[in-house]
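Morning, everyone. Today I want to talk about aromatic rings and the charges over them. Here is the model.

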Amino acid sequence: QVQLVESGGGLVQAGGSLKLSCAASRNIFMFSTMGWYRQAPGKQRELVTGISTGGIPNYADSVKGRFTISRDNAKNAVYLQMNSLKPEDTAVYYCNSVPQVWIGTADYWGQGTQVTVSS
């Protein structure tokens with residue numbers, strides 16, 4: 001069974017922090033680089049950070065120095081610590097493998113978690 005469940009979003013003022021969590025099914029998590037993606041209104045979904053099975057992270061320039069990704073291989077979980085949040089970080093955040101999971105001819109996504117940053 002394929003499953004991705006994101007949580008931890010919310011409304012925060014600019015400069016604040018949030019920590020997102022993702023529970024993934026083992027068949028997705030075990031051998032995959034995992035990532036956090038986001039989709040802002042009217043924009044395409046984008047990958048903002050990923051972490052390899054060995055724990056090596058990489059970040060988009062827009063979040064570098066502010067966001068930290070981590071993974072717990074024992075729990076099949078991925079986390080995103082977001083600090084110094086900006087209004088432009090407002091989006092629905094999704095976790096997924098990198099590249100994302102495909103089932104047949106369609107890519108699979110969880111429900112995501114909304115992050116709203118007020119100015």
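Start with Lys19: this residue lies over the face of Tyr79, at 5.0 Å from the ring centre. A charge counts as over a ring if NZ of Lys or CZ of Arg is within 6 Å of the ring centre and within 35 degrees of the ring normal. Arg45 lies over the face of Trp109, at 3.8 Å from the ring centre.

A word on the source. This is a predicted model, where local features need pLDDT of at least 70, side-chain atom pairs count only at pLDDT 80 or more, and totals for chains, interfaces and linings use all residues. Numbering runs from 1 along each chain as its sequence is written, and side-chain values use heavy atoms, with hydrogens and water left out.

Now the ring pairs. Rings of Phe, Tyr and Trp (its six-membered ring) pair if their centres lie within 6.5 Å; planes under 30 degrees apart are stacked, over 60 edge-to-face, the rest tilted. How many aromatic pairs does this rule give? Two. Tyr37 and Trp109 have ring centres 4.8 Å apart and planes at 90°, so this pair is edge-to-face. Tyr37 sits in strand β4 (residues 34-39), Trp109 in the loop between β11 (106-107) and β12 (113-118), 72 residues apart. Strands are DSSP runs of E, at least two residues, numbered from the N terminus.

Buried or exposed, Tyr37? Buried, at 7% relative accessible area; the cut-off is under 20%, with a 1.4 Å probe and protein chains only. Trp109 is buried too, at 16%.

Next, Tyr94 and Trp109: edge-to-face, 5.7 Å centre to centre, 70° between the planes. Tyr94 is in strand β9 (residues 91-97), 15 residues from Trp109. Tyr37, Tyr94 and Trp109 form one aromatic cluster.

Definitions and conventions
Helices (H or I, at least four residues) and strands (E, at least two) are DSSP runs, numbered from the N terminus. Buried means under 20% relative accessible area, exposed over 50%, partly exposed in between (1.4 Å probe, protein chains only).
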